[in-house]
Amino acid sequence: MSAANLVTSVNAGLAVALESDERVVMYGQDIGRNGGVFQATAGLQERFGERRVFDVPLAESGIVGTAIGMAVAGLRPVVEMQFSGFVYPAFNQIVSHVARLRNRTRGSMSLPMVIRMPYGGAVRALEHHSESMEAIFAHVPGLKVVIPSTPHDAKGLLLAAVRDPDPVIFMEPKRLYHSPQQEIPEGDYELPLGQARVVQEGDAVTVIGYGGQMRDIRAAAAHLKRQDIAIEVIDLRTIYPFDQETVVESVRKTGRLLVVHEGPRSFGVGAEIVSFATEEAFMYLDAPPRRLTGTDTIIPLPASEHFYFMQPEHIVDAVLELIET
Amino acid sequence: MIAGPLQLLAPDGTVPAGEAVDAYADYRMDAAQLLAAYRFMVSARAADEWAFSLHRQGRLHTYAPSTGQEANSVGSIMALRQDDWFVQSYRELGGLMARGVPLSNYFLYWLGYEAGNDNEVDEFHLMPVAIPIASQLPHAVGLAQAERYLGTDRLAIGFIGDGGTSEGDFHEAMNFAGVWKAPVIIFVQNNQYAISLPRSRQTASNTIAEKAGAYGMRGVQVDGNDVTAVFAATAEAAEIVRSGGLPTLIEGVTYRVAAHTTSDDPNRYREIDEVAAWKNRDPIVRLQKLLRSRGLASEEELQASIEEARQHARDEFDRVEASAAPALEEGFQHLYAELPPLLQAQLSERRRLQERTGK
Ligand SMILES: Cc1ncc(C[n+]2csc(CCOP(=O)(O)OP(=O)(O)O)c2C)c(N)n1
């Protein structure tokens with residue numbers, strides 16, 4: 001075991017991926033000598049050489065588009081988008097090809113590739129550096145979308161993503177990159193995609209979240225515990241395909257559901273979870289499910305961004321209201 | 001770069017003399033290759049014309065014809081190895097014939113059957129049809145670069161239209177190719193139109209080939225209705241990129257003689273005289289002249305090949321037209337290596353609906 005925060009655990013996972021498979025190559029903007037703007041790839045070029053870890057021109061569509069070719073030829077590219085806010089030039093490649101190639105070739109071709117990107121806000125960043133647009137990707141048939149929230153999960157999920165036979169959008173919550181360290185296994189381990197993690201068991205309310213807001217949910221859970229309220233906290237981890245079983249089991253047990261995420265509300269991940277839970281556990285519900293999410297507004301500039309993101313106090317309040325109904 | 005498009009066979013079927021021709025002496029097609037090129041070109045033409053008339057008969061949906069562009073497609077693919085990556089857009093029927101892709105699959109695809117995409121990668125090294133314009137080009141560059149990484153001497157060729165050269169992916173692909181010095185050939189099928197927009201309004205550049213220089217690539221402009229010139233330019237480029245030389249952009253100057261697709265009426269945007277002039281430069285007619293003058297085929301043999309190709313097209317279409325109806329499950333197959341539980345549930349729901357409604 002060794003101590004790691006989320007960004008060093010991503011780095012450790014990438015190192016294991018490179019070490020364990022000669023077919024893994026990594027590229028992006030400033031990821032080589034510079035080690036990435038968040039240092040997620042620090043030291044990897046030095047250790048594995050420029051042949052396997054390299055910088056390429058500043059062109060997201062070119063990065064994802066060439067990675068498609070590389071994966072078809074038999075490599076396992078892991079490419080970085082410097083920020084999720086700049087993935088859009090590559091959106092055509094992702095939607096029109098990454099998601100579709102296996103299907104369009106009737107399984108004759110597959111795309112074992114990972115597109116990594118820091119996402120999410122509450123870090124007082126510049127415009128375009130705070131959005132949580134995971135729902136956009138989750139809406140595209142053929143993709144998998146994974147978001148870790150702890151160092152332990154980040155490394156294990158990343159290794160599973162790299163080895164998955166299908167393309168994975170891997171979104172890293174940048175506000176948790178430097179959150180407190182956690183002991184994680186030194187070597188190689190994978191955590192299965194498509195499985196949520198029950199962070200805390202409880203019977204009062206099911207609170208589902210992922211990525212950047214997990215820290216706030218855990219803080220709210222700790223606060224509620226002091227009032228003898230045990231909520232069940234679920235970290236979704238894989239946004240698509242999400243773990244329906246864990247969600248429905250928990251909602252049947254608690255009868256109350258709250259979904260928390262940063263991204264805008266309408267047509268978001270919370271909308272899907274709530275409709276699914278309503279369809280599958282309607283008779284078990286004791287209160288209408290609730291969503292605490294970003295609003296359908298542009299994320300404000302730093303001076304007012306605190307209005308946008310859900311705080312632990314908001315979560316506590318929503319839980320208490322749910323219990324009262 | 002040679003001034004004017006490279007031409008090794010004049011429209012009248014004679015071989016022009018001069019430095020350009022001498023320079024390509026090593027890349028001349030031999031008799032067997034010329035005859036094979038003729039077969040591939042007439043196969044493509046026959047299938048294309050048949051598809052167009054099938055559409056009029058209401059037996060085929062929207063179809064994108066390639067008549068007039070066969071020399072570009074056939075000449076370039078013939079100059080490459082079977083295991084070189086072939087990255088197509090949607091108008092490379094000639095190249096598909098040269099690769100040996102069964103016509104039945106081509107028809108199946110345009111008939112709307114998923115099974116039309118069953119082209120084994122290890123056999124054909126062919127990427128599927130790419131309809132979002134220019135998006136396929138970065139794939140060719142990635143494939144090429146990966147082959148270098150893997151230590152093979154395979155290359156990739158990526159096709160794109162003149163309209164496609166305005167898209168960002170054309171720029172990004174060329175830029176990556178140049179920076180990586182990737183073993184890739186980018187082949188621009190300059191057929192003068194992107195639906196209705198003429199080449200002159202697509203780019204202010206004199207030629208498309210000259211764009212290559214700014215990316216650190218070689219640029220060659222060829223007469224795209226001269227299969228021997230296309231073959232020679234591609235064979236030369238292949239030799240260069242395989243041995244670590246500059247990636248190459250080839251602009252094959254040709255003409256889209258037919259409509260953009262069966263839903264398009266080209267009379268709305270171009271003059272009949274222009275079309276007629278290009279019909280006089282037909283790549284198949286030109287090759288016929290050479291084959292006859294060299295004594296490689298008699299008029300009867302040339303015509304027999306055409307008849308044979310027409311019959312083959314009809315037979316193949318009839319065979320696939322009677323294809324079994326696709327199953328509901330098909331859309332769920334090959335989406336992921338393993339169908340996630342969430343999608344299994346959606347499939348079950350569709351099955352249930354089908355059982356309840358018969359639809
Ligand atoms: C990104 C994108 N925009 C628009 C279209 C619609 N469209 C289909 S073909 C075409 C013209 C393409 O022209 P060109 O690249 O010259 O190729 P050609 O069809 O002449 O072979 C257009 C605009 C498309 N398929 N993709």
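**Notebook: the domain interface of chain A**

I looked up the interface of domain 1 of chain A and domain 2 of chain A, for which the rule finds four salt bridges (side-chain nitrogen of Lys or Arg within 4 Å of a carboxyl oxygen of Asp or Glu). I noted one salt bridge, Arg175(A) with Glu262(A), whose closest N and O atoms are 2.9 Å apart.

I recorded that this is a predicted model, where local features need pLDDT of at least 70 and side-chain atom pairs count only at pLDDT 80 or more, while totals for chains, interfaces and linings use all residues. Residues are numbered from 1 along each chain as its sequence is written, chains are lettered from A and ligands numbered from 1 in the order written, and side-chain values use heavy atoms, with hydrogens and water left out.

I took the bounds, which come from an automatic or database domain assignment, as 2-184 for domain 1 and 197-324 for domain 2 of chain A. Their C-alpha centres lie 26 Å apart.

I then looked up the contacts (heavy atoms within 4.5 Å): 29 residues of domain 1 of chain A touch 26 residues of domain 2 of chain A. The two domains bury about 2200 Å² between them, 53% of it on carbon and sulfur atoms; this is accessible area (1.4 Å probe) lost on being put together, summed over both parts.

I turned lastly to chain B. The C-alpha atoms of chain B fill a box of roughly 75 × 50 × 40 Å along the principal axes.
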